[in-house]
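Thanks for coming. I will go through a few local features of one model, so please have the sequence and the structure open.

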Amino acid sequence: MTSETHQILDEIDAIKSVLLSHGPVFYGSNDDDAAAVAEDWYDYGFHAKGVDSWCGIGCWAAHAANEFYLANMSPRIAAKACRMYDYRQAHADSMYAVCNGDLDPAAVIGFYKAEN
């Protein structure tokens, strides 16, 4: 195993530890799923510290975090955008809906940018 491969596996393992620390909502129904979910986060370019920040605001899906990130939104701003969207659009939990694929993140992002 090359040192680069070892570094990648160490980072995925660190992400897995973060996911496990946040609970099963963030990695699936069993601990074995956590490795695959951690790899997904890594594939989107996230590292353990960033994953911890996104999980800290309730964002449990790498694809959702990536959409917010690509829109130049930090976890703090993404959380604020979701709260604003929930309040103004009478939506129950837009972060969950974005993570679950029920709500296009562009709706929340566009709404927030139009308001600010």
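Start with Asn72, which sits in the loop between α4 and α5; helices here are DSSP runs of H or I with at least four residues, numbered from the N terminus. This is a predicted model, where local features need pLDDT of at least 70 and side-chain atom pairs count only at pLDDT 80 or more, while totals for chains, interfaces and linings use all residues. Residues are numbered from 1 along each chain as its sequence is written, and side-chain values use heavy atoms, leaving out hydrogens and water.

The phi of Asn72 is near 60°, a positive value in a residue other than glycine. Asn72 is exposed, at 72% relative accessible area; exposed means over 50%, buried under 20%, and partly exposed in between, with a 1.4 Å probe and protein chains only.

Next, α7, residues 105-115. Which of its residues are buried? They are Pro105, Val108, Ile109, Phe111 and Tyr112. Seen down the axis of α7, they fall within an arc of 165°, so they line one face of the helix; the arc is taken from the directions from the helix axis to the C-beta atoms. These buried residues pack against α4 (62-70), α5 (75-89) and α6 (94-100), contact meaning heavy atoms within 4.5 Å. At the N-terminal end of α7, Asp104 is the cap, with a side-chain oxygen 2.9 Å from the backbone nitrogen of Ala106.

Last, a helix pair. In α1, Glu11, Ala14, Ile15, Val18, Leu19 and His22 meet Ala48, Val51, Asp52, Cys55 and Gly56 in α3.

Key: Helices (H or I, at least four residues) and strands (E, at least two) are DSSP runs, numbered from the N terminus. A polar contact is a pair of N or O atoms within 3.5 Å; within protein, one must be able to donate a hydrogen and the other to accept it, and residues adjacent in sequence count only if both atoms are side-chain atoms.
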